[in-house]
Amino acid sequence: MAGSFDIKILWMVVKDIFTHLNGKASEKKTNIIEAHRATNAAFIATYDYLRNNNGAYVPMPALADVWNDASAAVMQVDKSLGNMLYSKSRFWLDPDLYINLGREDEVIELNQLVEEMEKLRMKL
């Protein structure tokens, strides 16, 4: 009788562990999906802006805001990429300042971003 009681307790513990692990996996997947969604939204807004404004780099607080949102979402999944997106956000606050300081190579280009978004999708 004591043996069956021990097995029931062990089984409950094992089930709790699996439930916890599944919850963590689900949370990670949700974070990846949100990171991809926010990054894609920033990509689309920037692509649309550049296409319709002949690539003019002028301060665009609206773009800085969407890149900041993308950075915050990506930080949950990939800190390095999140930092790159944060630089992109600061770039759009004052592009000339970034260029004059010689920091434009810190800013991820859209074609590089497409690769990074694909890497995010591969984590699902």
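## Core and salt bridges in a predicted model

Visitor: Which residues touch the most other members of the largest nonpolar core?
Guide: This is a predicted model. Its largest nonpolar core holds 23 residues. In soluble globular proteins, nonpolar side chains tend to be buried together. The members that touch the most others here are W67, A70, L81, L85, W92, L110 and L113.

Visitor: What does A70 touch, not counting residues up to four places away in sequence?
Guide: A70 is among the core residues that touch the most other members. Leave out residues up to four places away in sequence. The contacts of A70 are then A38, T39, A42 and L85.

Visitor: Why can R37 and E34 meet, and what is the N to O distance?
Guide: Both residues sit in helix α1, three residues apart. That spacing is about one helical turn, so their side chains can meet in a salt bridge. R37 is partly exposed at 48% relative accessible area, and E34 is partly exposed at 34%. The N to O distance is 2.7 Å.

Visitor: How many residues apart are K123 and D78?
Guide: K123 forms a salt bridge with D78, with the closest N and O atoms 4.0 Å apart. K123 lies in the segment after α5, and D78 in the loop between α2 and α3. The pair links distant parts of the chain, with a separation of 45 residues.

Visitor: Is R103 buried, exposed or partly exposed?
Guide: Buried means under 20% relative accessible area, and exposed means over 50%. R103 has 28%, so R103 is partly exposed.

Visitor: What distance separates the C-alpha atoms of K29 and R121?
Guide: K29 is placed in helix α1. At 46% relative accessibility, K29 is partly exposed. Along the chain, K29 and R121 are 92 residues apart. Their C-alpha atoms are separated by 9.8 Å.

Methods
Residues are numbered from 1 along each chain as its sequence is written. This is a predicted model: local features need pLDDT of at least 70, side-chain atom pairs count only at pLDDT 80 or more; totals for chains, interfaces and linings use all residues. Side-chain values use heavy atoms; hydrogens and water are left out. A nonpolar core is a set of buried Ala, Val, Leu, Ile, Met, Phe, Trp, Tyr and Cys residues joined through side-chain atoms within 4.5 Å. Buried means under 20% relative accessible area, exposed over 50%, partly exposed in between (1.4 Å probe, protein chains only). Contact means heavy atoms within 4.5 Å. Helices (H or I, at least four residues) and strands (E, at least two) are DSSP runs, numbered from the N terminus.
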